[in-house]
Amino acid sequence: MGFGFFDTTSQISFLPSSDVPFFLGATVTTIEPNSLACRLLGITLNKESFSNADKAWKESKMMLDQDIPLLLRVDIAYMPYEGFDDEMDETHFGGHAVVLGGYEEVKGVAYIGDTEFEGFQEVPIEILKKARSSSYGPKFLL
C-alpha cells in the first residue's frame with residue numbers, strides 16, 4: 001500500500017511511547033488523489049503546483065482562510081526550526097512534507113506542523129516561499 005499506520009498507544013519496539021494516538025507515514029509517491037491510502041482514510045486530496053511563489057502563497061492563504069490545512073513539500077534546509085545551514089548543499093532535500101496550518105500576515109509568519117516537532121513552528125512567509133520553490137528537489141508549491 002505504500003504507507004504505514006502504527007497505534008502508538010501500545011508498546012511497539014521501534015516507536016517511542018507517545019501521547020499521539022497514531023503515526024501515519026508514507027513515501028511521497030504513494031499519496032495520490034486516488035490512492036488506496038486516501039480512499040481508506042477518507043481523505044480528499046487535490047494536488048497543485050505553481051511556477052510563481054507569490055501565486056502559490058495567495059492560493060495557500062485562500063485555502064487556509066477556509067480552514068483547509070495544506071500538505072506542502074519543502075526544502076528542509078530552509079526550515080529555520082531544523083537548525084540546518086542552508087548554505088551547505090548536503091543539507092538540502094526538496095521533498096520534505098510538512099503541514100501548513102495557518103498564518104499571521106501582520107507578523108509575516110506561517111505555522112508549520114512537522115512530524116519531529118511538537119506543536120506548530122513559526123516560519124517567516126518569505127522563507128517558506130523559498131523552501132517551497134527550492135531547486136534542490138521536486139518543486140511543489142501547493
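## A buried methionine

Met79 counts as buried, at 1% relative accessibility, where buried means under 20% relative accessible area, exposed over 50% and partly exposed in between (1.4 Å probe, protein chains only). The place of Met79 is in the loop between β3 and β4; helices (H or I, at least four residues) and strands (E, at least two) are DSSP runs, numbered from the N terminus. When neighbours within four places in sequence are left aside, Met79 is in contact with Val74, Ile112, Val123, Leu128 and Ala131, contact meaning heavy atoms within 4.5 Å. Between Met79 and Ile112, which are 33 residues apart along the chain, the C-alpha atoms are separated by 9.4 Å.

## Model and overall layout

This is a predicted model, in which local features need pLDDT of at least 70 and side-chain atom pairs count only at pLDDT 80 or more, while totals for chains, interfaces and linings use all residues. Residues are numbered from 1 along each chain as its sequence is written, and side-chain values use heavy atoms, with hydrogens and water left out.

The chain has three helices and six strands, and from the N terminus on its elements run β-β-α-α-β-β-β-β-α. Of the 142 residues in the chain, 35% are buried. Among contacts in the chain with a separation of 6 or more, 46% are accounted for by residues 24 or more positions apart.

## Packing of α2 and α3

Helix α3 (residues 125–132) packs with α2 at an angle of about 115°, their axes being 10 Å apart; axes are lines fitted to C-alpha atoms, for helices over the stretch in contact, and angles run from 0 to 180 degrees between N-to-C directions. The two helices α2 and α3 are therefore roughly perpendicular to each other, given that angles under 35 degrees count as roughly parallel, over 145 as roughly antiparallel, 65 to 115 as roughly perpendicular and the rest as oblique.

On the α2 side, Ala53, Asp54, Ala56, Trp57 and Ser60 meet Ile125, Leu128, Lys129 and Arg132 of α3. By class, this contact of α2 with α3 has five nonpolar, one polar and three charged residues (Ala, Val, Leu, Ile, Met, Phe, Trp, Tyr, Cys and Pro count as nonpolar, Asp, Glu, Lys and Arg as charged, and the others, Gly among them, as polar).

## Aromatic pairs

Two aromatic pairs are present in the structure; rings of Phe, Tyr and Trp (its six-membered ring) pair if their centres lie within 6.5 Å, and planes under 30 degrees apart count as stacked, over 60 as edge-to-face and the rest as tilted. Trp57 and Tyr103 form an edge-to-face pair, with 5.7 Å centre to centre and 80° between the planes. Because Trp57 lies in helix α2 (residues 53–64) and Tyr103 in strand β4 (residues 96–104), this pair ties together parts that are 46 residues apart in sequence. Trp57 is buried, with a relative accessible area of 5%, whereas Tyr103 is partly exposed at 22% relative accessibility.

The rings of Tyr81 and Phe117 have their centres 4.9 Å apart and their planes at 75°, so this pair is edge-to-face. It links distant parts of the chain, with Tyr81 in the loop between β3 (70–74) and β4 and Phe117 in the loop between β5 (109–113) and β6 (120–124), 36 residues apart. Tyr81 counts as buried at 15% relative accessibility, and Phe117 is partly exposed, with a relative accessible area of 25%.

Most residues other than glycine have a negative phi. Asp67, although not a glycine, has a positive phi of about 60°. Asp67 is placed in the loop between α2 and β3 and counts as exposed, at 71% relative accessibility.
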